[in-house]
Amino acid sequence: MNEASPSARAGAPTAHLKRSLLGAGALALLLVACGANGGTGPGWTFAPPGPTPQATEPASPEPTDGGEPGDNVIGLEMTADLRYAQQGQVVEQLELVVGEEYTFEVDNVAGFSHDIFLGPPDRLAAGDTEGLPGIPAWESGVREFSWTATDEAQGWEYGCTVPGHYQAGMRGELVLGSE
Ligand SMILES: [Cu+2]
């Protein structure tokens, strides 16, 4: 009876081991099957989840050309010899672009009164400055005015309407172009 027990005990583990091996083999087959299924599963054909990356444009305001204040400043000196000048050089015409706003910075360096107006030559010659862009006469220093060039100003001039100054040649042409 004592001898049967060890063999029975020995046989039991053996049978158990065989069953375990079979189980492991079945399990291995299952794993292979699962692996094959996983490789060809429907999930494989889907595109990667998540939002598609979008290039986010930085909201940087681009400066528009010509729109900056100070871009269109026209400096003029009014001289003692009845001229408009820039750095001592007589200015006989100014080229402007229709639709652009200009700031005229006008320095009276003459030591006596001048003015500046923009308008039709006949009105400047007559001293008729009613409603015209410009600055009435002053004796010394810098004054300024702003004006937006329009098609209406075709043929206009700039000039000084102090009596005798326009006729003496204190004037110039406005040449209007378009951009
Ligand atoms: Cu003058």
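These legends describe close-up views of a predicted model of one protein chain.

**View 1. Overall layout of the predicted chain.** The protein chain holds 2 helices and 10 strands. Read from the N terminus, the elements follow the order α-β-β-β-β-β-β-α-β-β-β-β. Of the 179 residues, 17% are buried. Among contacts between residues at least 6 apart in sequence, 70% connect residues at least 24 apart.

View 2. The chain has a mean pLDDT of 77, with 61% of its residues at 70 or more. Residues 1–47 stay under 50 in pLDDT, and the model gives this stretch 0 contacts beyond four places in sequence. Residues 55–67 also have a pLDDT below 50, and this stretch makes 3 contacts beyond near neighbours in sequence. Where pLDDT is low, the predicted coordinates should not be read in detail.

**View 3. The open sheet S4-S10-S9-S6-S7.** Five strands form this open sheet in the order S4-S10-S9-S6-S7, and their pairing is mixed. Strand S4 (93–97) and strand S7 (134–138) lie at the edges, each pairing on one side only. From one strand to the next, the twist averages 20°. Within the sheet, strand S6 (residues 114–119) pairs with strand S9 (residues 157–159) in the antiparallel sense, over 3 bridges. Glycine 119 stands opposite glutamate 157 of S9.

**View 4. The open sheet S3-S2-S1-S5-S8.** This open sheet also has 5 strands with mixed pairing, here in the order S3-S2-S1-S5-S8. Its edge strands are strand S3 (89–90) and strand S8 (141–148), and each of them pairs on one side only. Strand S2 (residues 84–86) is joined to S3 by 2 bridges in the antiparallel sense. Alanine 85 has valine 90, in S3, as its bridge partner.

**View 5. The largest nonpolar core.** This core contains 19 residues, and those with the most contacts inside it are Leu76, Met78, Tyr84, Val106, Ile116, Tyr158 and Cys160. At least two core residues come from each of strand S1 (73–78), S4, strand S5 (101–108) and S6. S6 provides the largest share, 3 residues. In soluble globular proteins, nonpolar side chains tend to be buried together.

**View 6. Surroundings of tyrosine 158.** Which residues does tyrosine 158 contact, leaving aside its neighbours within four places in sequence? They are Tyr84, Leu94, Ile116, Leu118, Arg171, Gly172 and Leu174. Two of these partners, Tyr84 and Ile116, are listed with tyrosine 158 among the residues that have the most contacts inside the largest nonpolar core.

**View 7. Leucine 82 in the loop between S1 and S2.** Leucine 82 is located in the loop that joins S1 and S2. Although leucine 82 is not a glycine, its phi is positive, at about 60°. Most residues other than glycine have a negative phi. Leucine 82 counts as partly exposed because it has 19 C-beta neighbours inside 10 Å, whereas a buried residue needs 20 or more.

**View 8. Glutamine 87 in the loop between S2 and S3.** Glutamine 87 sits in the loop between S2 and S3. Its phi is positive, about 50°, although glutamine 87 is not a glycine. Is glutamine 87 buried or exposed? Glutamine 87 is exposed, because 7 other C-beta atoms lie within 10 Å and the limit for an exposed residue is 12 or fewer.

Key. Residues are numbered from 1 along each chain as its sequence is written. This is a predicted model: local features need pLDDT of at least 70, side-chain atom pairs count only at pLDDT 80 or more; totals for chains, interfaces and linings use all residues. Two strands pair if DSSP finds at least two bridges between them. Helices (H or I, at least four residues) and strands (E, at least two) are DSSP runs, numbered from the N terminus. Axes are lines fitted to C-alpha atoms, for helices over the stretch in contact, and angles run from 0 to 180 degrees between N-to-C directions. A nonpolar core is a set of buried Ala, Val, Leu, Ile, Met, Phe, Trp, Tyr and Cys residues joined through C-beta atoms within 7 Å. Two residues are in contact if their C-beta atoms, placed from the backbone, lie within 7 Å. pLDDT is the predictor's confidence in each residue, from 0 to 100.
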